[in-house]
Amino acid sequence: MVYVTRRATFSSSHILYNPELSDEENFALFDKCANKMGHGHNYVLEVTVAGEPSQKTGYVIDLKKLKEIVKREILDKVDHKHLNYEVDFLSGIIPTAENIAKGIWSVLEPKIKEGRLYSVRLHETENNSVEYRGE
Ligand code: NI
C-alpha cells in the first residue's frame, strides 16, 4: 500500500460557540474563541489517499486530479469564508478542527475514485492539528 498526500492551505474565520449553552458556559469552554465577532486561522490541509500504484500509470492517484478535487470540493467553499455561516457542509456544527476535518472527509470520500481516502489532517495552528480516518 502506498500513501499519497496533497497539501493545501486556506484562510477562514470561525466562532466556537454552542447555542445550547449560556454565554458564560461558552466562554468557560471556549475562552476567547467564543468571541461573537469571530477570529481567523490559516489552515493547512493534508489529504492522504491510499492504494496500489496503477500498472498503467504508476500512480495511486494522479496528484493533479487530487489537487483539482480538493480545490473544487473544499478550497473554493471555505477559503476566505466564515465557517459558521457560509459553508454548506459545516452548517449546524461547531467548526472545531475536529468537525471541519470530519466535514471535509464526508465531502471528499465519495469523490476519490482512484485509491481510497485514507486520512484528512487539518492543522489549525503551527502546534495543533487533528486527523480523521473515517471511523
Ligand atoms: Ni479558532
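**Exercise 1. The sheet**

What is the order of the 5 strands in the open sheet?

*Solution.* Before we start, note that this is a predicted model, in which local features need pLDDT of at least 70, side-chain atom pairs count only at pLDDT 80 or more, and totals for chains, interfaces and linings use all residues. Residues are numbered from 1 along each chain as its sequence is written, and side-chain values use heavy atoms, leaving out hydrogens and water.

Step 1. Strands are DSSP runs of E with at least two residues, and helices are runs of H or I with at least four, both numbered from the N terminus. Two strands pair if DSSP finds at least two bridges between them.

Step 2. Reading across the open sheet gives β3-β1-β2-β4-β5, with mixed pairing.

Step 3. At the edges stand β3 (81–82) and β5 (129–132); each has a single partner strand, so one side of each lacks a neighbour in the sheet.

Step 4. Now look at β2 and β4 (residues 116–123): they run antiparallel, joined by 7 bridges. Here V49 stands opposite L117 in β4.

**Exercise 2. The nickel site**

Find which residues coordinate the nickel ion, and where they sit.

*Solution.* Step 1. Donors are N, O and S atoms within 2.8 Å of the metal (3.2 Å for Na, K and Ca); water is not among the atoms, so sites may look incomplete.

Step 2. The nickel ion is held at 2.0 to 2.1 Å by the NE2 atoms of H14, H39 and H41. Along the chain, these donors are spaced as H-x24-H-x1-H.

Step 3. H14 belongs to strand β1 (residues 2–14) and H41 to strand β2 (residues 39–51), so this pair ties together parts 27 residues apart in sequence.

Step 4. Check accessibility: buried means under 20% relative accessible area, exposed over 50%, and partly exposed in between (1.4 Å probe, protein chains only). H14, at 1%, is buried, and H41, at 15%, counts as buried too.

**Exercise 3. Aromatic pairs**

How many aromatic pairs does a search of the whole structure find?

*Solution.* Step 1. Rings of Phe, Tyr and Trp (its six-membered ring) pair if their centres lie within 6.5 Å; planes under 30 degrees apart are stacked, over 60 edge-to-face, and the rest tilted. The search finds 3 pairs.

Step 2. One of them is Y3 with Y118, edge-to-face at 4.6 Å centre to centre and 65° between the planes. Y3 is in strand β1 and Y118 in strand β4, so the pair ties together parts 115 residues apart in sequence.

Step 3. F10 and Y43 have ring centres 4.9 Å apart and planes at 20°, so they are stacked. F10 is buried at 2% relative accessibility, and Y43 is buried at 0%.
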